[in-house]
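Here is a short report on strands, sheets and a ligand site. It is meant to be read beside the coordinates.

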Amino acid sequence: MNDTEISKFLSFVLRHQPEVIGLTLDREGWANIDDLLVGAIADGKSLSYELIEAVVDGSDKKRFAISEDGTLIRAVQGHSTEAVQRSFPEQVPPPVLYHGTATRFVESIREQGLLAGSRQYVHLSEHQETAISVGKRYGKPIVLKIQALQMQQQGFKFFLSENGVWLTQSVPAQFIEDSL
Ligand code: HQG
């Protein structure tokens, strides 16, 4: 597997479906690296500790973390598996945060607001450029501007993950504007 394939495999088992390789994640998302290797190799993947470490260190978005003693690994955010209920520090957001999405989703977002979908949180970013690249994953991108501080002042909770992604449960339509 090349680095991208390894990264996608790690995202899949550490965020979404650990059970496909018989892996268990704790509430904070940690998995035993030896167990992950055993499961991956049994599943026909050619993987080693060194390859995993290289992907974790090289990840542009710092998606994964290895524990200090080197025995555990987790995805920092982006989980859909219910086994994981990470505790993130609650933070006061900046006045505005951005959400990148595809233009074809906008009508529904205008009606329903932003929903977490299969993940546990809606993902927001501080920079428009990040939001554009997130939106491009699903089609022609559009960036939505979220009145985050206003939301927080009205009682909505915001969390900041270790890799700089802002998380909130949902964003009602009245806090959303077009940005670009
Ligand atoms: C959309 C990547 C219709 C939402 C990225 C998004 C991110 C709605 C899609 C991270 C909607 C869900 C997360 C509504 C939301 N109607 N569509 N009411 N509410 N949507 O992938 O934010 O590379 O679960 O706009 O960089 O795109 O994996 O979320 O388009 O940080 O590390 O439903 O994933 O990071 O898609 O991406 P996703 P996302 P990684």
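## Strand S4: covered on both faces

S4 has buried residues on both faces. Val96, Tyr98, Gly100 and Ala102 lie on one side, and Leu97, His99 and Thr101 lie on the other. Buried means under 20% relative accessible area, exposed means over 50%, and partly exposed is in between (1.4 Å probe, protein chains only). In a regular strand the side chains alternate between the two faces of the sheet. Seven of the seven residues of S4 are buried, so S4 is largely enclosed by the rest of the structure.

This is a predicted model: local features need pLDDT of at least 70, side-chain atom pairs count only at pLDDT 80 or more, and totals for chains, interfaces and linings use all residues. Residues are numbered from 1 along each chain as its sequence is written, and side-chain values use heavy atoms, with hydrogens and water left out. Helices (H or I, at least four residues) and strands (E, at least two) are DSSP runs, numbered from the N terminus.

## Strand S6 and its partners

S4 (residues 96-102) and S6 run antiparallel, joined by seven bridges. Two strands pair if DSSP finds at least two bridges between them. Thr101 has Ile142 in S6 as its bridge partner. On S6 there is also a link to strand S9 (residues 176-178): three bridges, again antiparallel. There, Ile146 stands opposite Ile176 of S9.

How many of the seven residues of S6 are buried? Five are, so S6 (residues 141-147) is largely enclosed by the rest of the structure.

## The ligand site

The ligand is surrounded by 17 residues. The closest are Lys61, His99, Thr101, Ser108 and Tyr138. A residue counts as near if one of its heavy atoms lies within 4 Å of the molecule. S4 and helix H4 (106-112) each supply at least two residues of this shell. H4 gives the largest share, three residues.

An oxygen atom of the ligand is 2.8 Å from an N or O atom in the Arg15 side chain. For Arg137, an N or O atom in the side chain is 2.9 Å from a ligand oxygen atom. Taken alone the ligand exposes 780 Å², and the protein buries 85% of that. These areas come from the Shrake-Rupley method with a 1.4 Å probe; for residues, only the protein chains shown count as cover.

The ligand takes up the space of the largest pocket. On a 1 Å grid over the protein atoms alone, a pocket is an open set of points with protein on both sides within 12 Å along at least five of seven lines. A molecule sits in one if more than half of its atoms lie within 2 Å of its grid points.

Two bridges join S1 to strand S3 (residues 72-75). Asn32 has Leu72 in S3 as its bridge partner.

Another open sheet runs S5-S8-S7, also three strands with antiparallel pairing. Its edge strands are S5 (122-124) and S7 (159-160), and each pairs on one side only. S7 and strand S8 (residues 166-168) are joined by two bridges. Phe159 has Leu167 in S8 as its bridge partner.

Is Asn163 buried or exposed? Asn163 is buried, at 18% relative accessible area. Asn163 sits in the loop between S7 and S8. The Asn163 side chain makes a polar contact of 2.9 Å with the side chain of Gln77. Another polar contact, 2.4 Å, joins the side chains of Asn163 and Ser161. A polar contact is a pair of N or O atoms within 3.5 Å; within protein, one must be able to donate a hydrogen and the other to accept it, and residues adjacent in sequence count only if both atoms are side-chain atoms.

Val134 belongs to helix H5 (residues 128-136). Val134 counts as partly exposed, at 27% relative accessibility. The C-alpha atoms of Val134 and Ala102 are separated by 8.9 Å, with the two residues 32 apart along the chain.

Terms used. On a 1 Å grid over the protein atoms alone, a cavity is a set of points where a 1.4 Å probe fits but cannot get out, and a pocket is an open set with protein on both sides within 12 Å along at least five of seven lines; lining residues have an atom within 4 Å of a point.
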